[in-house]
Amino acid sequence: MPPPKIQRAEFGPSIWSDSQRQAGVLFQDGAQSTPVDGGSLWTFGDTFLGRPAAGQPPDHLQIKGATGTTIALLSVGETNLPPRLKYFIGADGVATNQLALFPDEPAATNRMWPLGAVAVGSRIYLYYSMIEKTDGPGPWNFHGIGGGLAVSDEPLHPFTRLRPAGHWKFPVEPIQIVREGSLLYLFEISSAPKGLILARVNAEEIEKPAAYQFFTGHGWSTNRARVAIVLREAYGQVSVAWSPTRHRYLMATSSDFSHPREIQLRESAQLEGPWSRPARLAVPGLPGKTTKLVYCTFLHPELSNDASRHFILTYCRILDGEWDLTNPEWVSLTLAP
């Protein structure tokens with residue numbers, strides 16, 4: 001399949017607005033969204049907290065604290081940019097982490113980042129990655145130690161981390177979840193084997209680690225060791241959505257270190273692939289700044305108009321500077337017929 005053709009791309013500013021100011025959010029990354037009752041749940045990773053005065057932009061000198069994961073709800077029908085997000089907040093009115101460490105997990109070194117989420121019936125499930133900080137230089141001073149699953153009955157409530165059989169680790173760490181009927185398909189950026197892998201589970205068995213199956217290239221197996229790579233050139237994060245107009249899946253991926261300042265788009269008729277060659281979209285720089293890496297590129301169906309081949313994506317960037325922090329930015333994209 002040939003790569004999708006980009007007809008028009010319009011880059012917008014960051015999504016930071018009064019929604020973040022009111023919740024005490026200065027900077028954050030992530031911005032993946034998941035449909036839930038009442039709208040879409042947005043999840044963010046590292047979040048720096050503080051309260052700039054009205055009319056002031058966020059600045060690192062205003063930072064009063066930080067947390068590893070925050071969530072917000074975008075109400076159904078809200079399509080304005082920047083999005084008017086309602087955050088999960090603590091008693092002090094500031095955005096706070098909806099995931100809690102267990103007593104035996106050291107807060108000095110451990111924190112959680114959100115992965116993919118999905119609504120199953122009246123419950124909302126959120127996968128997460130547990131990471132452990134190291135003594136190395138930032139921003140790569142961490143390594144992952146496993147992924148888990150948490151659940152809540154409301155989008156802006158605390159999530160309960162599951163421990164089936166007394167263990168929190170699940171066999172897959174999905175950055176993207178696609179539902180087809182009763183089956184959930186889960187994409188993971190794997191380190192061994194290296195590349196994008198695909199798992200699946202019946203929605204009603206999502207809490208059972210033994211029920212997960214992995215695509216082997218020829219079928220499905222509960223043995224993860226038999227998993228096959230469905231896309232080698234996938235790094236960091238992927239976002240996948242079905243396009244009814246184009247009758248295929250659209251995938252947005254973040255940059256790799258060979259092409260660090262671009263968004264890549266691919267298409268496939270099926271989740272298992274094969275996926276097309278990438279259409280490459282260069283991300284413009286910021287005035288007076290040096291972008292080192294573009295990451296966390298996510299499709300937002302709730303803001304898109306698939307009938308007109310018009311899609312909204314968000315992405316994040318790492319700048320060359322110790323405290324040169326940013327917020328997710330948006331791009332409006334139209335694909336050719």
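This passage describes selected local features of a predicted model. Local features were taken at pLDDT of at least 70 and side-chain atom pairs only at pLDDT 80 or more, while totals for chains, interfaces and linings use all residues. Residues are numbered from 1 along each chain as its sequence is written, and side-chain values use heavy atoms, with hydrogens and water left out.

Gln20 is placed in helix 1, residues 18-22; helices (H or I, at least four residues) and strands (E, at least two) are DSSP runs numbered from the N terminus. Gln20 counts as buried because its relative accessibility is 0% (buried, under 20% relative accessible area; exposed, over 50%; partly exposed, in between; 1.4 Å probe, protein chains only). A polar atom of the Gln20 side chain lies 2.9 Å from the backbone nitrogen of Ser17. Leaving aside residues up to four places away in sequence, Gln20 touches Ile15, Val25, Gln28, Leu85 and Tyr87 (contact, heavy atoms within 4.5 Å).

An open sheet is formed by five strands in the order 11-12-13-14-15, with antiparallel pairing (two strands pair if DSSP finds at least two bridges between them). Its edge strands, each pairing on one side only, are strand 11 (176-180) and strand 15 (220-221). Five antiparallel bridges connect strand 11 to strand 12 (residues 183-191), and Arg179 has Leu184 in strand 12 as its bridge partner. Elsewhere, strand 20 (residues 291-299) is mostly covered, with eight of its nine residues buried. Strand 20 runs antiparallel to strand 21 (residues 310-319) and is joined to it by six bridges; Thr291 stands opposite Leu319 in strand 21.

The second largest pocket holds about 590 Å³ of space. Of its 27 lining residues, Pro35, Gln176, Ile177, Val240 and Pro301 are the closest to its centre. Two or more lining residues come from each of strand 2 (25-36), strand 7 (110-120), strand 11, strand 16 (238-243) and strand 20. On a 1 Å grid over the protein atoms alone, a pocket is an open set of points with protein on both sides within 12 Å along at least five of seven lines, and lining residues have an atom within 4 Å of a point. The lining divides into 14 nonpolar, ten polar and three charged residues.

Asp37 lies in the loop between strand 2 and strand 3 (39-49). Asp37 counts as exposed because its relative accessibility is 65%. Asp37 and Trp242 are 205 residues apart in sequence, and their C-alpha atoms are 20 Å apart in space.

Terms used
A polar contact is a pair of N or O atoms within 3.5 Å; within protein, one must be able to donate a hydrogen and the other to accept it, and residues adjacent in sequence count only if both atoms are side-chain atoms. On a 1 Å grid over the protein atoms alone, a cavity is a set of points where a 1.4 Å probe fits but cannot get out, and a pocket is an open set with protein on both sides within 12 Å along at least five of seven lines; lining residues have an atom within 4 Å of a point. Grid points are joined across faces, edges and corners, and a volume is the space filled by probe spheres set on the points. Ala, Val, Leu, Ile, Met, Phe, Trp, Tyr, Cys and Pro count as nonpolar, Asp, Glu, Lys and Arg as charged, and the others, Gly among them, as polar.
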